[in-house]
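Dear colleague,

Please find below the structure that I am handing over to you. A summary of the findings follows it.

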Amino acid sequence: MRLSRYFLPVLKENPSEAQIVSHRLMLRAGMIKQASAGIYSWLPLGFKVLRKIENIVHEEQQRAGHMPMLMPTIQSADLWRESGRYDAYGAEMLRFKDRHDRDMLFTPTAEELITDIFRAHVGSYKDLPLTMYQIQWKFRDEIRPRFGVMRGREFFMKDGYNFDLSKEDALHAYNRHLVSYLRTYERMGLQAIPMRADSGPIGGDDTHEFLVLAETGESEVFYDSAVTDLSFGDRDIDYDDHAQCAGVMEEFTNLYARTDETHDPDLFDKVPEERRRVARGIEVGQIFYFGTKYSDALNAVVQGPDGKQVPVHMGSHGIGVSRLLGAIIEASHDDKGIIWPEGVTPYHCGIVNLKQGDEEADGACEALYASLTALGLEPLYDDRNERAGGKFATMDLIGLPWRITVGPRGLKNGVVELTSRRTGESEELPPEEAVKKVAEIYANL
């Protein structure tokens, strides 16, 4: 993409309404624009990152054997009355009537809807286990939406639901989701710590939240610092292997890590004093096992091996896709702007032409653009007739991990400058070597 043809409405000043770094930088980098309180338009740069995050979530969900689908954003209130949650959910649910005076709602979550789909089409234990998921817009009418996409009213979310014959099978689905989430977050350059949490209006006895440590986090968290040394890495996981998934689950949850709702001071005191930590965390996902809560209420039963009708065991599993964008920025930025991890960057590399209109510089930039594109990479070429300082400031603000700078002086020596946004380190390389190095970086992800 050529920046002269791109819609990137960057702001030079910090917006007064933005209270945290991610909100401020997303507005300044031209990623979002507020439409109303807690509701945003996603502009091209922001939408591109949102799609990168969504694609990683899809890939890891399907790697774990989960099937994508799509449910509507609008639901009938009848199902929620059947489950008993319509009145209990609270004012966060946006309720309204359609033109036929029927009670409707804008989806905050979809346990009832997916259970209704299941009970209409599945009747035998032979069809289990079954896990389906969607990535869809949700709405919760927060009383005080704030912090941009971190605490908005409309948000983009992956929500998945498992149906199993027994508690043992459902807990395997729980473990399987925990493993797939760890891989998902690490691909995005995040360390998200699973913490014992409160189930809230979803219900159930077993639940873990995944939190990214950040000063602006809305939750107070208590943890053993040894959990931050854990890494999922490039493990070869068999998601059908109950023991392997349970082993990873135990590894990542046997150290103390809890949100403020479930914090146990007595247990925390047993952690060696030098490893006790109290911090803030941003929730980026949560998994639940809630047994037969919804299958009992909505009569979601199957015929078991003995011919008897039994309610299925269920769980639900969410990842805040749009919230992740803010969390990544909170965890990865400096005073110049965003620093995107390679896995989610909107463009793989920036190209800065220091002397637009110079025949040799223009030609070298065009050649770099063509070479990177031919390798399947997406460069962002700043071909504007702007000062070099302004071009560098824009690249730093939008946070592309790598920048190739082209100027007449370097070209006389047959080199361009390759710069890492994260470290600020630069090296001079022949243009073809700079392209090769960038390609190798992304090939190894």
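Two rings of Phe, Tyr or Trp count as an aromatic pair if their centres lie within 6.5 Å. The model is a predicted one, and in it Tyr181, Tyr185 and Phe210 form one aromatic cluster.

Aromatic rings

In total, the structure holds twelve aromatic pairs. In one of them, the ring centres of Tyr181 and Tyr185 are 6.1 Å apart and the ring planes stand at 80°. A pair counts as edge-to-face when its planes are over 60 degrees apart, so Tyr181 and Tyr185 are edge-to-face. These two residues belong to helix H5 (residues 167–187), where they are four residues apart and thus separated by about one helical turn. Both Tyr181 and Tyr185 are buried.

Phe290 and Tyr294 also make an edge-to-face pair, with 4.8 Å from centre to centre and 70° between the planes. A residue is called buried when its relative accessible area is under 20%. Phe290 has a value of 6% and is therefore buried; Tyr294, at 1%, is buried as well.

Lys48 lies over the face of Tyr347, at 5.0 Å from the ring centre. Over the ring of Tyr86 sits the charged end of Arg95, 4.8 Å from the centre of that ring.

Nonpolar cores

In soluble globular proteins, nonpolar side chains tend to be buried together. The largest nonpolar core here has 67 residues. Those that touch the most other members are Met31, Ile53, Tyr185, Phe210, Val284, Leu325 and Trp340. Helix H5 gives the most to this core, with seven residues. Leaving aside residues up to four places away in sequence, Val284 touches Tyr185, Ala192, Phe210, Val212, Ile319, Gly320, Arg323, Leu324 and Ala327. Another core, of 25 residues, lies apart from the 67-residue one; among its members are Leu79, Phe118, Leu130 and Phe163.

Strands of a sheet pair through backbone hydrogen bonds, either parallel or antiparallel. An open sheet of three strands has the order S4-S6-S5, and its pairing is antiparallel. Strand S4 (74–76) and strand S5 (94–97) are the edge strands, each pairing on one side only. From one strand to the next, the twist averages 35°. Three bridges join S4 to strand S6 (residues 103–106) in the antiparallel sense, and Ile74 stands opposite Phe106 in S6.

Yours sincerely

Notes:
Residues numbered from 1 in each chain as written. Heavy atoms only, no water. Phe/Tyr/Trp six-rings, centres within 6.5 Å; stacked < 30°, edge-to-face > 60°. Buried < 20%, exposed > 50% of the residue type's maximum accessible area, 1.4 Å probe, protein only. Lys NZ or Arg CZ within 6 Å of the ring centre and 35° of its normal. Core = buried A, V, L, I, M, F, W, Y, C linked by side-chain atoms within 4.5 Å. Contact = heavy atoms within 4.5 Å. Pairing = 2+ DSSP bridges. Axes fitted to C-alpha atoms, helices over the stretch in contact; angles between N-to-C directions.
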